[in-house]
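Here is a short briefing on one protein structure. Keep the 3D view open as you read.

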Amino acid sequence: MSVPFFRPSIGENEVQAAIEVLRSGWLTTGRKCQEFERNFAEFLGGGVEAIAVNSATAGLHLAAEACGIGPGDEVLVPTLTFTASAAVFQHLGAEPVLVDVDPVTLTIDLADAARRLTPRCKAIVPVHFGGWPCDLDAIGAFAREHGLKVIEDAAHALPAHRHGRLIGAWDTDACVFSFYANKTITTGEGGMLVTRNPEIARRARIMRTHGLDRDAFDRFSRVGASWSYDIVAPGFKYNLTDLAAAIGVEQLRRAHEFQQGRQAVAEYYLQSLAGLPIDLPPLAPGNGLHSWHLFPIRVHADARRSRDELIGRFGDAGIGVSVHYRPLHQMSFWRARPGAAGEFPNADRYFEGAMTLPLFPAMTRDEADQVISLLHDELG
Ligand SMILES: *Cc1c(COP(=O)(O)O)cnc(C)c1O
């Protein structure tokens with residue numbers, strides 16, 4: 001029997017919500033997006049404003065643009081992340097400066113960030129790797145000390161918290177979530193930019209839709225609205241459709257239920273895999289919440305099987321596994337950039353043995369047992 005790496009949990013409510021939009025006569029950004037944004041802001045608390053976008057990449061691009069990142073600027077980005085965390089800054093003419101990660105939490109290492117800091121640095125990008133909530137107190141203090149904006153890549157972190165304060169509700173400049181097909185909630189493709197800064201929100205809303213001073217829904221739905229609009233900037237096309245937003249509204253209602261499903265599997269993995277020659281992912285600190293988007297392990301160099309051999313065995317057994325991530329400084333494009341200079345010993349050591357086990361809310365005990373048995377058979 002095969003085990004997929006991920007299986008989305010799409011219920012009848014999501015299906016019905018999508019059908020209603022299809023029959024409604026309004027498919028693109030409209031009432032459903034407004035509802036999704038309102039619900040999302042309420043879900044996080046902390047007085048944030050939420051701006052729905054068609055991907056987290058789009059949200060990061062808008063956040064960076066609204067933060068005024070531009071040519072000549074540098075931005076501190078962990079090397080252990082998806083390329084989008086860095087690419088959006090490159091698009092704006094800035095230079096991502098890659099930073100090593102902490103060997104245990106696999107999140108940005110502030111001591112290494114301090115070593116790579118120059119007077120040109122304008123922002124730091126914490127990535128809540130796998131759903132482990134970064135230490136935003138320490139990152140905030142570092143940012144204030146050095147005059148940096150904080151733009152969180154929270155693609156993995158819905159929901160995650162530290163002492164009850166959800167990622168997304170912290171006092172950073174912007175925080176971006178992903179609703180890509182295999183993320184913790186999904187709209188197929190989609191994302192959410194949240195911020196407590198009204199200026200960033202205003203700019204992001206304008207740039208989200210072509211640099212228009214008002215959106216299409218506003219123009220077509222209000223009494224007295226007209227054909228007239230102005231263009232105030234060369235904007236992007238990053239708005240979310242109502243079709244996607246309707247699915248998002250239903251998925252968001254289940255975000256905590258999904259997290260509990262993943263956490264149950266993660267706890268079972270942690271308990272069942274102890275003692276094998278692998279590093280297991282850390283728990284959230286204190287009374288925090290780990291979203292458990294990913295379950296990354298590191299196979300020790302002296303284990304009976306190498307990581308690559310092990311991935312081969314999982315493939316033979318029909319069990320989906322993945323690797324998050326080959327560090328950016330090992331990728332052709334980024335390796336050739338000045339921001340990839342220097343050494344990244346922690347990310348390199350992790351990557352050599354890295355693999356990500358299947359983990360999703362509706363994963364059965366039998367599916368988890370297949371993963372666990374294979375690891376015991378091969379490494380025990
Ligand atoms: C998925 C992901 C993104 C990009 O999300 P999209 O919604 O696909 O644009 C960015 N950063 C990280 C860490 C991700 O995992």
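About 40 Å³ of space lies in the largest cavity of this predicted model. A cavity is a set of points on a 1 Å grid over the protein atoms alone where a 1.4 Å probe fits but cannot get out. Grid points are joined across faces, edges and corners, and the volume is the space filled by probe spheres set on the points. Because the model is predicted, local features need pLDDT of at least 70 and side-chain atom pairs count only at pLDDT 80 or more, while totals for chains, interfaces and linings use all residues. Residues are numbered from 1 along each chain as its sequence is written, and side-chain values use heavy atoms, without hydrogens and water.

**The cavity**

- The count comes to one cavity of 30 Å³ or more.
- Its lining residues (an atom within 4 Å of a point) include Phe6, Pro8, Lys183, Gln251 and Phe258.
- The lining divides into four nonpolar, four polar and one charged residue. Here Ala, Val, Leu, Ile, Met, Phe, Trp, Tyr, Cys and Pro count as nonpolar, Asp, Glu, Lys and Arg as charged, and the others, Gly among them, as polar.

**The seven-stranded sheet**

- Seven strands form an open sheet in the order E1-E9-E8-E5-E4-E2-E3, with mixed pairing. Strands (E, at least two residues) and helices (H or I, at least four) are DSSP runs, numbered from the N terminus. Two strands pair if DSSP finds at least two bridges between them.
- The edge strands are E1 and E3 (95–99), and each pairs on one side only.
- The twist averages 25° from one strand to the next. Axes are lines fitted to C-alpha atoms, for helices over the stretch in contact, and angles run from 0 to 180 degrees between N-to-C directions.
- E1 (residues 49–53) has four of its five residues buried. Buried means under 20% relative accessible area, exposed over 50%, and partly exposed in between (1.4 Å probe, protein chains only).
- E1 pairs with E9 (residues 191–195) in the antiparallel sense over five bridges. Ile51 has Leu193 in E9 as its bridge partner.
- E2 (residues 74–78) and E4 (residues 121–124) run parallel, joined by three bridges.

**The three-stranded sheet**

- Three strands form an open sheet in the order E10-E11-E12, with antiparallel pairing.
- E10 (278–279) and E12 (354–357) each have a single partner strand, so one side of each is left without a neighbour in the sheet.
- Two bridges join E10 to E11 (residues 295–299). Ile278 stands opposite Val299 in E11.
- Helix H10 (residues 255–273) lies across E10, E11 and E12, at about 20° to E11.
- Helix H13 (residues 345–353) packs on the sheet, touching E11 and E12, at about 90° to E11. Contact means heavy atoms within 4.5 Å.
- Ala347, Tyr350, Phe351 and Gly353 of H13 are buried. Their cover includes E11, helix H11 (307–316) and E12.

- A cis peptide bond joins Leu158 and Pro159, with omega about -5°. Pro159 lies in the loop between E5 and E6 (161–162).
- His324 to Tyr325 is also a cis peptide bond, with omega near -5°.
- Leu106 is not a glycine, yet has a positive phi of about 60°. Leu106 is buried, at 8% relative accessible area.
- Trp292 has a positive phi near 55°. Trp292 sits in the loop between E10 and E11 and is buried at 3% relative accessibility.

Conventions: 1 Å grid on protein atoms, 1.4 Å probe; cavity = no way out; pocket = protein on both sides within 12 Å on 5 of 7 lines; lining within 4 Å.
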